[in-house]
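Hi,

Here is the structure I promised to pass on. Have a look at it first, and then read my notes below.

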Amino acid sequence: MSRVAILFRRELMAQLTAPGTWVLLGLSWLWLGALFRWQVMPSAGHGDLQFMLWQGTLHAVNMQILFVPLITMRCLAEEKRSGTIEMLVTAPLADHEIIIAKFGAAWFVDTLLWCVLPLYMLVARQAGGDPDWGPVLAACFALLGAGAVLTAIGVFASSIATNQLLAAFVGLLLTFGFLYAPRLVPPDWSFTQGILSSGDLLKQVEESARGIVDLVAVTFQVSMCALFLLFATRSLEARKWA
Amino acid sequence: MGMKPGGMTKAWRTGVFANVVLICALGVFVAIGSVTLVRKLSWRHDLRFDMTAERTYSMSDGDRSMLRALEAPVSVVFAWGFDRDILQRVLDAQGAPRADLLAQHYRPLMEDAARRVHRVLEEWSHVTPQLTYSVIDADSAPRELELEARRLGRHPEELLNKVLLVQGTRRREVPLSRMMRDVQWGFFPAMPGASPRFPQPPSSWGMSAELGSAVRALGSGSMPLVGVVVGHDGLMEPGSRAFADLGGFLQSEGYECRGLELMRTEDLRQFACIIVPAPKKLLAARETELLRDYEQTGGRLLLCADPRFAEDYARIIEPFGVTLTAAVIDDRRLREPSRESGVDLQSMSFCVGQHPVDAPLKDRVALYLGPTRPLVLRAEHAPAVERVALLRASADADAIPVTHDSSRGTYSAMEGKREKAPQALLAAALRRTHAGSPRESRTILLGGGGAFAPDELALPTHFGNRDFLLNCMTWLCERPFSTQATLREESRPRLVSVGAFAEPMRWIGVIGLPLLAFAIAASVFFARRST
């Protein structure tokens, strides 16, 4: 087993054996389920499953703004607080291997947050509905991609902060800013808006939830994920030599 | 040079910092570069994958062939922004437009619409080098709009919120509001004294269908003259909405539509096609003779026979071995869902699929036919005749005989004489080669006029009536087929009964899954405590 796989397994076990992770997941599923049941679903008559999937996907992305920083805050900040970071960085592991393993574990937990969405569609199918599985798959791809970007941002925030709370706060600000900056720019700032809108993660997820997988969006998500992981790696390395 | 703990000098640390910054800057450069590169590639190749079962976002073969058939360059200008009509809706007490209302209520919707138009044009420009386009945001690029308006000899305001297609001296305009289906409060002209209403997102869009019609009309070259027989108090008399809508639709598809009084027209051969839209009054003997002569000299006819009105097409269709029965089809399998009666026909299953007119639409789009007569193809017919069934009722359909009172203009169905009409034909394409005529005649016989009702022709995203009529005209006038079911921007809704879904969703989604997570949290907590 490679060193990354060993560290990934250790990190994943640490995440999954932490009661806080499951409490967080339980609260998120409760929130997502309640939103789906009482806000997305109509109160009576017939509901359009395509619309429900679209709305549910957007809710799942928005929930990640809060969820991801809380999951990733412990990645490196916790190691710093407890003093185990020195052991970790002096272990026979490259910096990028540490970051990739921690990112992978956090991303896996983040995936657990929204994996209930296809389950809702299965329930709808059992209830006599006929969901189009293509858009469901596309929405899963989009949530996977958006989750990767947000998790990478969270890991980066954790790498620059000295304690968990600060890591969560910085992560929250960064993920919120990354998702909503293109929409918060005043309409008359057309140049800035033009630049930011090409990286509008929410819009990309929205498109995918309708059934379109766009390679431009996939490239953007992969690039941003790699970029923030690079930042996190450099941040860890700078700490080592500073 | 001061030494720091760990034995590192200031220069060393500066070097490390510079290295980190350099690598991060390089990372940003590579990330932006790769996204830009893929974005550029996406303009040449379609990098989007349509995952929907009905290929909702894929360009149809018809659109592709239509674009590839363009022989001369088409330039498209689309300018969008707050036009005078919109600005008048958001005036404050001082009479100035309120920027906050514009930004909050109009800008997002218009941006969405503009993005959709842009996407259609972008996809089209990948298919043919003949199509070039420019999309102008009038608010951020007023200078560009002014230059474009000057080039086209128009006022900038006249270009706003419409797509202008130019091919040489020919021009077509498609207003943005026409591409938004259903109620669009705020885009209708303001009612004096009415309280302000802001626009709502439309329930469906028709960008591709409307722009496709406009490009087809531009690219079709000369406009064939289509005569619609009038003067019989039929479904389409000049001045009626039905006539205006049909004329507008045909014109947008590259045909010239004209009302035709058979007795007053000297030469019917000037018409590329004649439509007889279910006349309420019987055609005079001389009129029937004129139509028959027209058919025998290679004419093209589209005959509709509504069961509510008597008809006398027998002399025209006799050589084809076709009989129109004085009855109305009652087909409960293929009825309009909101109606109890099976007389109002509407279904996706009418098309037989053996002819270029109906094959592209088979099982893809719904057709509304309304009340329809059955057709019978007899064994005996004139030589050099070809008959192909286009639309067919289900095997369970009944035929209810009808009688007409021509003096009162009423009809009555004789329910008691209802009989099985297995596999009754509702429409057929007829072709006949004449010995003395340089070209073959073509006729489409349709058992009802409901297929061309204005309401159905106006709904290109829900019904295939437009496609069906267009394919009929294309075949009759021998033009290249372009419509093979246009892009459906509105896919079939996939519905679930809320009553059936709510309970399992509550138990599994709201109660079960969170409880499971909390149970795992508790077990993990106690397991850790015990160890």
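Contact here means heavy atoms within 4.5 Å. Counting that way, residues 24 or more positions apart account for 77% of the contacts in chain A with a separation of 6 or more.

Some housekeeping: this is a predicted model, where local features need pLDDT of at least 70 and side-chain atom pairs count only at pLDDT 80 or more, while totals for chains, interfaces and linings use all residues. Residues are numbered from 1 along each chain, chains are lettered from A, and side-chain values use heavy atoms, without hydrogens and water.

Chain A has twelve helices and two strands (DSSP runs: H or I of at least four residues for helices, E of at least two for strands). Of its 242 residues, 58% count as buried, meaning under 20% relative accessible area with a 1.4 Å probe, protein chains only.

Now for one helix pair. Helix α2 (residues 19-40) and helix α7 (residues 116-126) of chain A pack at about 40°, with axes 11 Å apart (axes are lines fitted to C-alpha atoms over the stretch in contact, and angles run from 0 to 180 degrees between N-to-C directions). That makes α2(A) oblique to α7(A), because angles under 35 degrees count as roughly parallel, over 145 as roughly antiparallel, 65 to 115 as roughly perpendicular and the rest as oblique.

Which residues make the contact? From α2(A) come W29(A), L32(A), G33(A) and F36(A), and from α7(A) come V116(A), L117(A), Y120(A) and M121(A).

Cheers

Note on methods:
Buried means under 20% relative accessible area, exposed over 50%, partly exposed in between (1.4 Å probe, protein chains only).
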